[in-house]
Amino acid sequence: MSERKAPMIIDNVEIARQKEIARRIRANNDVEQLRTGKQKRMHVITFGCQQNNSDSEKIMGLLAEMGYTNTDIKEMADVIIINTCCVRENAELKLYGNIGALKRLKADNPSLIIGVCGCMMQQEHAVEMIRKKYRHVDIIFGTHNIYKLPELMERSIGEKYTLIDILNTEGMIIEDIPVLREEKFKAWVTIMYGCNNFCSYCIVPHVRGRERSRKPEDIIREIEDLAKDGCKEVTLLGQNVNSYGKDLNMDVDFADIIRMVNEIEGIERIRFMTSHPKDISDKLISTMRDCKKVCEQLHLPFQAGSNKILRRMNRKYTKEEYLNKILKAKQEIPGVALSTDVIVGFPGETDEDFEETLDVLKRVEFDQVFMFIYSKRIGTSAAEMEDTATYEDKHRNFERLVKLQNEISKKLNDAYMDRCVEVLAEGNSKNDPLKYTGRTRTGKVVNFTGVEGIIGKLVNVKINEIHSWFLNGEMVNEVKE
Ligand code: SAH
Ligand code: SF4
Ligand code: F3S
C-alpha cells in the first residue's frame, strides 16, 4: 500500500491497444491449435467476495478473447490465474498453499502461464513474498488494472522473471471489458467500486480504493443486455451500495437505480449487497417494498452489539440505531429474510461486550449470520490497538454464537414446512442429479423434484423436508410470468 497518486486516465486508445494485443494472442493460439489439434485452456481460481467473482468474470472474458476456453482441471490449463483476497489471514494462508501446489505443474509444463492478481496483490509485502518465494509465478497484477491482462500475457511469454504491474491508484471505470459469466439465469452486476468507510479492522478500502459509481446508463444497458440473453435475476454489487451516486455529478441514488432495474422486461428478481447500516435510508426500504421484483432479503452487517466496540470499529451507528432500522425493514417488508456479518474478538471486546452481540442475534432472528474471528490486518487502524484476549477466549465465544444461530436458523427454516414457495430453477442438484436446485426469493436453497425443461424458469415448489442449510420439496407448477 504505497502512496496514492492522482487517478489515472485510461483512454479509449489504451483500451483499443489492449484489444489489438488480445487479437494477436488469439491469432497465435489459433495457429498453434491447428498445428497441435489442442485447444488452449484457462483455469481461474477465485478467493474472497462477490466483487472478486465479478472481477474474475472479466478476467475470463479477456482470456476468452485471447482464444482460451474454460477448464475445471488445472492440469489441462495453459493459463492459470489466481484472484486473491486478504480480508482475513486465513484467506492469505490458503493462497500460499495454492500457489505452492502449482510449482509441480509449471515444472511439467514450462509454457504454462501463472498469474496472481486481486486484493492481496495491492499490498507490497504480499507481492514481495511471491516474488521471492514463488518464482514460478509469471505475472502479478492488482485490482485496478485487470484491463491490461492482454499486454501482460504477451510480455510474459519467454520472460524469465515475474512481471509485476500494480496500480496504486484507482484508475477510471472501464466499461467495455468483456465478461464471461458462468451462469445464464442470474448475474452479479457491479454498480460501484471501492469503499470510503474505513472501518478500523478492514483492509478493503486500502486495496480497493475510494468509492466510484458506474453511470446509471451503463448499468441499465448491461442489465437490459443480460435480460435479452435470458437472465432472470441480478444482484447489484458494491461494498456499500447505499453510497451509490454520491461521487457522480447527477441527481441519482441507489433507490433510483433499483426503480430503473425494476422496469426492465425479463428481469424477475433483484438482489443487492452490501448495505451499511449507517446509510440505509427510509427511501431504500420503501423502494424495496414498492418494487415487485426486489426480493424480500436484506444483508445488513452489524459486526458487534456493544456500542463501545462499534465506536472502536468506526462503524458510526449504535446498537439501538441498528435495531431500529431492522424493525423498520421488518414492518415495511413482510417476510423479509435478514442476514448479517459478525466479528468475534475485536481488540478490547470483553465477555460483557460479547453478550450484546448475542442479544442482537436473539432480538433480530437473522436467517443467516456470517461469523468471523477478528484477524489483524497490517495497515488498518485496529492493527495498532492492544489485543489481550486469547485465541481460546475468542473461539469459545465463536462457538456460542454458532450454537445460538443454529437454533434460530432451524426455527426459521421449520416455518417453511408444507409452504409453497417461488424458486428460480438454476440447474440440477449436485447431491442428486435427478433433482433440480434453486433459491427462494428469500435466498434459501431448495432441492426439488420437477419436470424436464424447467431450468431457467420460475416455479412454485411445495416444501416437504427441512435441513439446516437447505430445504427439499416438489414442484407444483410453473409461475406465469
Ligand atoms: N463491505 C461489506 C463487506 C466487507 S468484507 C460490508 O461492509 O459489509 C466482509 C466481512 O468480513 C465484513 O462484514 C466483516 O464482518 C468481515 N471482516 C472484515 N475485516 C475483517 C477482519 N479484519 N477480521 C475479521 N473479519 C473481518
Ligand atoms: Fe470494509 Fe467497512 Fe468498507 Fe465494508 S464498509 S468494505 S467493512 S471498510
Ligand atoms: Fe476479499 Fe477483496 Fe472482497 S479483500 S472480501 S476479495 S474486496
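This is a predicted model: local features need pLDDT of at least 70, side-chain atom pairs count only at pLDDT 80 or more; totals for chains, interfaces and linings use all residues.
Local features are given only at pLDDT of at least 70 and side-chain atom pairs only at pLDDT 80 or more, while totals for chains, interfaces and linings use all residues; side-chain values use heavy atoms, without hydrogens and water. Residues are numbered from 1 along each chain as its sequence is written, and chains are lettered from A and ligands numbered from 1 in the order in which they are written.

The chain falls into domain 1 (12-165), domain 2 (186-414) and domain 3 (420-475), with bounds that come from an automatic or database domain assignment. Between the C-alpha centres of domain 1 and domain 3 the distance is 35 Å.

Ligand 1 has 14 residues around it, the closest being Arg88, Gln239, Gln303, Asp341 and Ser375; a residue counts here if one of its heavy atoms lies within 4 Å of the ligand. A polar side-chain atom of Asp341 is 2.6 Å from an oxygen atom of ligand 1. Gln239 places a polar side-chain atom 2.8 Å from a nitrogen atom of the ligand, and Ser375 has a backbone N or O atom 2.7 Å from a nitrogen atom of ligand 1. Taken alone, ligand 1 exposes 530 Å², of which the protein buries 90%; these areas come from the Shrake-Rupley method with a 1.4 Å probe. Strand S13 (337-344) and strand S14 (368-373) are the elements that give two or more residues to this shell, strands being DSSP runs (E, at least two residues) numbered from the N terminus. By residue type, the shell around ligand 1 has seven nonpolar, four polar and three charged members.

Gln239 is also among the residues around ligand 2, with Cys195, Cys199, Cys202, His276 and Arg315 included in that shell.

How many disulfides does the model contain? With a disulfide taken as a pair of cysteine sulfur atoms within 2.5 Å, the count is zero. Cys117 is buried at 1% relative accessibility, and Cys119 is buried at 10%, where buried means under 20% relative accessible area (1.4 Å probe, protein chains only).

Methods
A polar contact is a pair of N or O atoms within 3.5 Å; within protein, one must be able to donate a hydrogen and the other to accept it, and residues adjacent in sequence count only if both atoms are side-chain atoms. Helices (H or I, at least four residues) and strands (E, at least two) are DSSP runs, numbered from the N terminus. Ala, Val, Leu, Ile, Met, Phe, Trp, Tyr, Cys and Pro count as nonpolar, Asp, Glu, Lys and Arg as charged, and the others, Gly among them, as polar. Buried means under 20% relative accessible area, exposed over 50%, partly exposed in between (1.4 Å probe, protein chains only).
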